[in-house]
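Colleague: I am new to reading protein models. Could you walk me through this one, feature by feature?

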Amino acid sequence: LSVSAAFAADPAVLEKGKAEEKRCVGCHGLRIIEVQRLSRATWDRELTKMAGWGAAMRDREALLEYLTATYGDDKPMAPLPRSEDASKK
């Protein structure tokens with residue numbers, strides 16, 4: 001069992017990552033995160049890029065684990081929100 005796999009299984013770590021994700025909305029909406037399905041390595045690169053642009057992360061590892069567990073490349077795409085008449089919002 002790898003450290004990452006053990007870490008990802010910890011609900012407390014995932015909860016920290018979910019809380020950390022809320023800091024992302026200072027620069028962009030969460031939908032851009034929700035529609036992506038990236039590998040752990042690609043999420044890691046994205047976090048490095050965001051940090052380079054000035055994003056402050058209190059718990060980067062928890063955020064990485066949360067993004068991978070929730071929006072990893074093995075997860076199904078979330079449906080796009082639609083209005084009552086089925087048009088895009």
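Modeller: Gladly! Let us begin with the largest pocket: α3 (31-34), α4 and α5 each supply at least two residues of its lining. Helices are DSSP runs of H or I, at least four residues long, and strands are runs of E, at least two long, numbered from the N terminus. This is a predicted model, where local features need pLDDT of at least 70 and side-chain atom pairs count only at pLDDT 80 or more, while totals for chains, interfaces and linings use all residues. Residues are numbered from 1 along each chain as its sequence is written, and side-chain values use heavy atoms, leaving out hydrogens and water.

Colleague: What volume does the largest pocket have?

Modeller: Here is the general idea: rolling a probe the size of a water molecule over the atoms shows where empty space is left. On a 1 Å grid over the protein atoms alone, a pocket is an open set of points with protein on both sides within 12 Å along at least five of seven lines, the probe being 1.4 Å, and lining residues have an atom within 4 Å of a point. Its volume, the space filled by probe spheres set on points joined across faces, edges and corners, is about 390 Å³ here. Of its 19 lining residues, Cys24, His28, Ile33, Met50 and Ala55 are the closest to the centre.

Colleague: Which helix gives the largest share of that lining, and how do the residues divide by type?

Modeller: α4 gives the largest share, 4 residues. By type, the lining has 13 nonpolar, 3 polar and 3 charged residues. Ala, Val, Leu, Ile, Met, Phe, Trp, Tyr, Cys and Pro count as nonpolar, Asp, Glu, Lys and Arg as charged, and the others, Gly among them, as polar.

Colleague: How many helices and strands are there in the chain?

Modeller: There are 5 helices and 0 strands, giving the pattern α-α-α-α-α along the sequence.

Colleague: Which residues form the largest nonpolar core?

Modeller: In soluble globular proteins, nonpolar side chains tend to be buried together. A nonpolar core is a set of buried Ala, Val, Leu, Ile, Met, Phe, Trp, Tyr and Cys residues joined through side-chain atoms within 4.5 Å. Buried means under 20% relative accessible area, exposed over 50%, and partly exposed in between, with a 1.4 Å probe and protein chains only. The largest core here has 10 residues: Cys24, Ile33, Leu38, Trp43, Leu47, Leu63, Leu64, Tyr66, Leu67 and Tyr71.

Colleague: What does Tyr71 touch beyond its neighbours within four places in sequence?

Modeller: Contact means heavy atoms within 4.5 Å. Leaving those neighbours aside, Tyr71 is in contact with Glu21, Ile33, Glu34, Gln36, Arg37, Leu38, Trp43 and Tyr66.
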